[in-house]
Amino acid sequence: MKEIIKVEGMSCNHCVNSIESSVGELAGVSTVKVDLGNNEVTVEFDNENTFAQIKETIEEQGYDIA
Ligand SMILES: [Cu+2]
């Protein structure tokens with residue numbers, strides 16, 4: 001499955017790295033790519049449970065999902 005998540009609060013490469021590394025560590029996530037200019041995080045993952053965990057992880061890092 002593939003989704004594009006709108007994320008508020010990402011401002012620099014530190015944000016990109018923290019999201020890509022924390023989401024990338026989750027079981028079931030195959031790819032994660034942050035588009036800083038468009039405030040988007042593109043993820044590919046195995047199922048809905050993983051998607052819920054991805055969103056939770058992004059929020060835990062301090063960002064807001066639109
Ligand atoms: Cu930053």
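The structure is a predicted model, in which local features need pLDDT of at least 70 and side-chain atom pairs count only at pLDDT 80 or more, whereas totals for chains, interfaces and linings use all residues. Residues are numbered from 1 along each chain as its sequence is written.

S30 belongs to strand β2, which spans residues 29-35; strands (E, at least two residues) and helices (H or I, at least four) are DSSP runs numbered from the N terminus. When neighbours within four places in sequence are set aside, S30 is in contact with E44 and F45, a contact being defined by C-beta atoms, placed from the backbone, that lie within 7 Å.

Along the principal axes, the C-alpha atoms fill a box of roughly 30 × 20 × 15 Å. Buried residues make up 20% of the 66 residues, and of the contacts with a separation of 6 or more, 57% are between residues 24 or more positions apart.

The strands form an open sheet of 4 strands in the order β2-β3-β1-β4, with antiparallel pairing, two strands being paired if DSSP finds at least two bridges between them. Strands β2 and β4 stand at the edges, each with a single partner strand, so one side of each is left without a neighbour in the sheet. Strand β2 is joined to β3 by 6 antiparallel bridges, and K33 stands opposite T42 in β3. Strand β1 (residues 2-8) pairs with β3 (residues 40-45) in the antiparallel sense over 5 bridges, with K6 opposite E40 in β3. The antiparallel pairing of β1 with β4 (residues 64-65) rests on 2 bridges, and the bridge partner of E8 in β4 is D64.

Helix α1 lies across β2 and β3 and runs at about 170 degrees to β2, whereas helix α2 lies across β1, β2, β3 and β4 and runs at about 145 degrees to β3. Axes are lines fitted to C-alpha atoms, for helices over the stretch in contact, and angles run from 0 to 180 degrees between N-to-C directions. The axes of α1 (residues 13-24) and α2 (residues 48-60) come within 10 Å and cross at roughly 145 degrees. In this contact, I19, S22 and V23 of α1 meet I54, T57 and I58 of α2, and the residues involved divide into 4 nonpolar, 2 polar and no charged.

Notes: Two residues are in contact if their C-beta atoms, placed from the backbone, lie within 7 Å. A residue is buried if 20 or more other C-beta atoms lie within 10 Å of its own, exposed if 12 or fewer, and partly exposed in between; C-beta atoms are placed from the backbone. Ala, Val, Leu, Ile, Met, Phe, Trp, Tyr, Cys and Pro count as nonpolar, Asp, Glu, Lys and Arg as charged, and the others, Gly among them, as polar.
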